[in-house]
Amino acid sequence: MKKYISGADSSGKSSGKRCLAKRSLAAALVFLIGMLLLGTVLIYASTAYHADDRAMKLEKKLESDGHLTWENGYAVLTPKESKKQAEGIIFYPGGLVDARAYLPQLNAFRQRGYTCVLLTMPFDLAVFDMKAADYIYPNLKKLDVDEWYLCGHSLGGVAAGQTFLGQENPYSGLILLGSYVTDPEASSQDILTIYGSQDGVLHKEKVSEKTSQVEVLSGGNHGQFGDYGHQAGDGKAEISREKQQSETAEAVEEFIISRRKK
């Protein structure tokens, strides 16, 4: 009887030690994961680009005027009057940039009569939601738009390009701002690339007239397509942000009009 009790005590102590070891390991893993997540958040917070005052004030004005509404995962900017042949632009924001920073550029499109859809991305990175346009596309049927164009800035342009060059493509064209086509077999008649002559971020050697129509904005840089301040590594612009965005809207309109004639 004593041996039996002694055996039970020994087994219980051993089992208790194993349980304690597992709990300690689990606690260590939770702590490690927590520290990794905290580090990721801190890195993101220190490198992300936030929308500036001009963009934030425009957001409030557009909302109060009834021209901006936020949905789940995107915002819709509506023009005062749509064109007879209504086109719309679905926009992918650049990497680590607050989507609202692009409201001024999209407003420049909107003022020319185009309905615009601004996508929002997890952690402001389009790579986490490359097919965002495809996911929301069914919801856009309620809007008064006949044809949709994809558009994206920088890393967002790469994501837009991946979506546009997919097998099932309901979009009429692709517009890249400070970005480039990744598919060497892409058709230049369907794609417009716009970048500034002072762009210090874009790999300009990757922009080819074989895969897209190219428009170079004299004096423009990489970051002035959005309103989020100076971007690391970018060149100094020789034109104002407003002028760059206005010239971009003009070039986009010319591209869309040329597509109508085909």
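Good morning. Since the model is predicted, local features need pLDDT of at least 70 and side-chain atom pairs count only at pLDDT 80 or more, while totals for chains, interfaces and linings use all residues. Residues are numbered from 1 along each chain as its sequence is written, and side-chain values use heavy atoms, with hydrogens and water left out.

I begin with the sheet. Helices (H or I, at least four residues) and strands (E, at least two) are DSSP runs, numbered from the N terminus. Two strands pair if DSSP finds at least two bridges between them. On that basis, 8 strands form an open sheet with mixed pairing, in the order 1-2-4-3-5-6-7-8. Strand 1 (68-71) and strand 8 (213-217) stand at the edges; each has a single partner strand, so one side of each is left without a neighbour in the sheet. From one strand to the next, the twist averages 20 degrees. Axes here are lines fitted to C-alpha atoms, for helices over the stretch in contact, and angles run from 0 to 180 degrees between N-to-C directions.

Strand 2 (residues 74-77) pairs with strand 4 (residues 115-119) in the antiparallel sense, over 4 bridges. Within this pairing, Tyr 74 stands opposite Leu 119 in strand 4.

Helix 5 (residues 155-164) touches strand 3 (87-92), strand 5 (147-153), strand 6 (173-177) and strand 7 (191-196), and its direction makes about 145 degrees with that of strand 5. Helix 6 (residues 241-260) touches strands 3, 5, 6, 7 and 8, and its direction makes about 165 degrees with that of strand 7.

I turn to the aromatic rings. Rings of Phe, Tyr and Trp (its six-membered ring) pair if their centres lie within 6.5 Å; planes under 30 degrees apart count as stacked, over 60 as edge-to-face and the rest as tilted. The structure holds 6 such pairs. In one of them, the rings of Phe 91 and Tyr 102 have centres 4.9 Å apart and planes at 45 degrees, so the pair is tilted. Phe 91 belongs to strand 3, and Tyr 102 to the loop between strand 3 and helix 3 (103-110), 11 residues apart. Buried means under 20% relative accessible area, exposed over 50%, and partly exposed in between (1.4 Å probe, protein chains only). Phe 91 is buried at 0%, and Tyr 102 is likewise buried at 0%.

A second example joins Tyr 137 and Tyr 171: with centres 5.5 Å apart and planes at 85 degrees, the pair is edge-to-face. Tyr 137 lies in the loop between helix 4 and strand 5, Tyr 171 in the loop between helix 5 and strand 6, 34 residues apart. Tyr 137 is partly exposed at 24%, whereas Tyr 171 is buried at 6%. Ring pairs also link Tyr 49, Phe 91, Tyr 102 and Tyr 228 into a cluster.

On a 1 Å grid over the protein atoms alone, a cavity is a set of points where a 1.4 Å probe fits but cannot get out, and lining residues have an atom within 4 Å of a point. Grid points are joined across faces, edges and corners, and a volume is the space filled by probe spheres set on the points. The count comes to 1 cavity of 30 Å³ or more, and the largest cavity holds about 40 Å³. Helix 5 supplies the largest share of its lining, 4 residues. Among the lining residues are Val 158, Leu 174 and Tyr 180.

Methods
Contact = heavy atoms within 4.5 Å. 1 Å grid on protein atoms, 1.4 Å probe; cavity = no way out; pocket = protein on both sides within 12 Å on 5 of 7 lines; lining within 4 Å.
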